[in-house]
Amino acid sequence: MKNKFLLGIASLTALFAVGCTDLSEEIIDESLDVQTDNIISAVMAPAYGPLPDAFTHTKNYGLQLVSSDQAILPPRGSGNDWYDGGKYIELHQHNTTTTNVVVRDTWNAFTLMLSRTITAIERLQPLAATDPQAAKALAEMRGLRAYYNMLMLDYWGIAFKKDAASEQSIILRKADAVSYIESEFLAVVNQLDNTKGPGRISQASVNGFLAQLYLNAGVYRNPYGTPTFAATDMDKVIEYTNKVINSGLFVLSPEYFSIFDDNNHSNKELIFAIDQRSNLTTSHNRLAYWSLSGSQYPLAAFPKANGTDGPALTKYFYNTWVQAYGSTDPAQADARFYKENLVIPQNLQNLTGVSPANDGNHYFLVNGATYQINRGILRGIQWGLRNPANGQPFKMENGQYKIYPMIEQRDGFTSYVNHSIDIDLENPNNKDYSDGYRVAKYQFSSTSDTGRNKGQADIVLLRLADVYLMRAEAQLRKGNNGAALADVNLVRASRTARPQVTPPALTSINLDLLYRERGFELYWEYSRRTDMIRFGHFEDVYASKTNADPRKRLFPIPQSAIDGASSAPGYLVQNEGY
């Protein structure tokens with residue numbers, strides 16, 4: 001059904017009141033050095049500007065991660081830290097309401113991003129007829145708008161068709177939305193090039209987005225039913241992933257965790273990312289700090305930059321690693337699971353009989369300039385800098401920093417930070433902040449003086465490994481098991497920087513194994529909920545989640561948006577099940 005959406009609806013002001021764009025935001029691009037290019041850049045910059053904020057932990061990151069089987073965020077401590085009105089519990093248990101703040105704030109952020117692309121498109125169109133650079137910029141903005149609409153379709157089952165502020169928006173759903181987004185990508189892909197880096201829409205990123213669209217088209221056309229993976233769609237997935245792979249512009253990273261390092265902007269695996277280099281004032285470190293213990297201080301230079309005891313890995317997802325590697329610890333078998341940067345001396349590893357209240361001699365020394373916390377999935381007792389009271393400098397000896405088993409001192413008790421697999425979502429009196437295995441996938445920003453700000457790592461939205469795995473899935477759904485297995489093993493074999501933990505080749509492949517492999521490769525990123533729906537696992541029972549209603553595959557349209565549209569009945573219809 002196509003609905004014309006009226007202008008002036010209060011709850012959608014961000015999408016339709018497009019005249020108040022902040023042109024002070026900047027895009028970092030070394031090629032924009034002449035006056036005309038700078039004018040074009042100033043028009044485009046606001047369309048990219050909201051991305052860092054939209055992909056924070058309290059918006060899109062939390063929305064995607066906590067609603068999946070990978071993450072769980074319980075209330076912690078007697079003050080119920082991170083309870084936040086139950087918004088994360090709702091997301092995880094698939095009992096999300098129409099007033100959920102994470103859903104509302106993500107909706108508002110995404111509609112703002114869409115409005116910015118419409119403004120840019122309208123301003124570039126008069127220039128594009130005579131200026132080749134403006135024409136290319138116009139194609140870039142249309143590609144970015146199509147990407148934003150694909151996110152809207154994935155989360156809420158709708159897309160907005162609107163080309164100018166003077167027009168009324170049209171709401172598209174299901175096949176109409178897929179066709180519209182497809183047509184927009186196809187209209188611009190050959191007008192783009194790959195010269196701007198991963199922070200800009202490029203020909204390669206649009207090819208990758210087309211592959212994503214075709215791979216998920218069966219879900220988008222029938223969001224509550226069993227998806228049909230048409231051979232024609234799978235052929236398109238293969239076609240467009242081939243274009244990315246065969247371009248030769250991208251390379252799988254030998255060190256898995258370098259994909260998420262501070263300086264990852266130049267990593268050749270990145271195809272599209274949110275540019276967060278240090279001179280962008282809107283950058284943040286949320287993806288690095290959110291899961292870490294509040295007693296973890298990753299930077300010797302900043303004694304106030306710590307973690308926040310947010311989400312933990314679910315036991316359900318952790319066990320997929322255990323099942324894959326059996327009696328071998330996955331940390332010893334797969335470079336993607338863990339990277340040990342902080343080696344604990346053998347004579348200090350046994351803490352039997354050592355009290356956290358009296359362990360002043362139980363430490364070793366490191367150079368502050370080289371100090372790095374471990375990465376990946378963090379289990380058991382954690383070691384690190386021990387922060388004295390009131391943000392004073394860390395303890396040192398002979399110019400080096402003392403590294404202790406970390407302790408937490410909260411609610412009247414002192415204990416070691418010991419991350420255990422079990423975690424209780426429903427217990428409102430859970431006082432143990434350290435419950436749950438944590439994830440440190442992104443490197444903690446070297447300039448983050450508070451923990452949450454000044455992120456330097458680009459936020460990865462599309463990378464080459466995902467492209468290979470999309471092609472593998474399309475081949476597998478067409479019955480080409482050999483080609484699928486080859487792509488999966490190519491990705492596994494590429495992680496060679498630590499050869500002792502390069503994942504071994506798989507000997508066979510099926511949909512269950514491919515789903516598991518996507519979890520291993522892409523965990524704690526932005527794809528798990530979409531993968532769960534496509535592979536038929538979103539209704540599974542896991543980690544305090546029992547709701548099996550397929551209508552929860554889509555998030556509710558925020559009540560604030562529905563209320564704002566009340567003067568135009570039928571224009572903004574709530575999704576089923578809410």
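This is a predicted model: local features need pLDDT of at least 70, side-chain atom pairs count only at pLDDT 80 or more; totals for chains, interfaces and linings use all residues.
User: How do you know that the span of helix 13 agrees with expectation?

Analyst: The expected span is 1.5 Å times one less than the number of residues. For the 14 residues of helix 13 that gives 20 Å, and its end C-alpha atoms are 20 Å apart, so the two agree.

User: Why is helix 13 called largely enclosed?

Analyst: Buried means under 20% relative accessible area, exposed over 50%, and partly exposed in between (1.4 Å probe, protein chains only). Of the 14 residues in helix 13, 13 are buried, so the rest of the structure largely encloses this helix.

User: Why are helix 9 and helix 10 called roughly antiparallel?

Analyst: Happy to show you! Helix 9 (residues 203-221) and helix 10 (residues 231-246) pack at about 160°, their axes 8 Å apart. Angles over 145 degrees count as roughly antiparallel, and helix 9 and helix 10 are therefore given that name. Residues that meet across this pair include Ala204 and Tyr214 in helix 9 and Met234 and Tyr240 in helix 10.

User: What makes helix 6 and helix 7 roughly antiparallel?

Analyst: The axes of helix 6 (residues 101-128) and helix 7 (residues 132-156) come within 9 Å and cross at roughly 160°. Helix 6 and helix 7 are therefore roughly antiparallel to each other.

User: How do you know whether Thr106 is buried or exposed?

Analyst: Thr106, which sits in helix 6, has a relative accessible area of 0%, so it is buried. Leaving aside neighbours within four places in sequence, Thr106 is in contact (heavy atoms within 4.5 Å) with Lys59, Asn60, Leu63, Tyr155 and Trp156. Its side chain also reaches the backbone oxygen of Val102 at 2.7 Å.

User: What makes Asn510 a cap of helix 15?

Analyst: A side-chain oxygen of Asn510 lies 3.1 Å from the backbone nitrogen of Asp512, capping the N-terminal end of helix 15. After helix 15 comes Trp524, with a positive phi near 65°.

Conventions. Residues are numbered from 1 along each chain as its sequence is written. Side-chain values use heavy atoms; hydrogens and water are left out. A polar contact is a pair of N or O atoms within 3.5 Å; within protein, one must be able to donate a hydrogen and the other to accept it, and residues adjacent in sequence count only if both atoms are side-chain atoms. Helices (H or I, at least four residues) and strands (E, at least two) are DSSP runs, numbered from the N terminus. Axes are lines fitted to C-alpha atoms, for helices over the stretch in contact, and angles run from 0 to 180 degrees between N-to-C directions. Angles under 35 degrees count as roughly parallel, over 145 as roughly antiparallel, 65 to 115 as roughly perpendicular and the rest as oblique.
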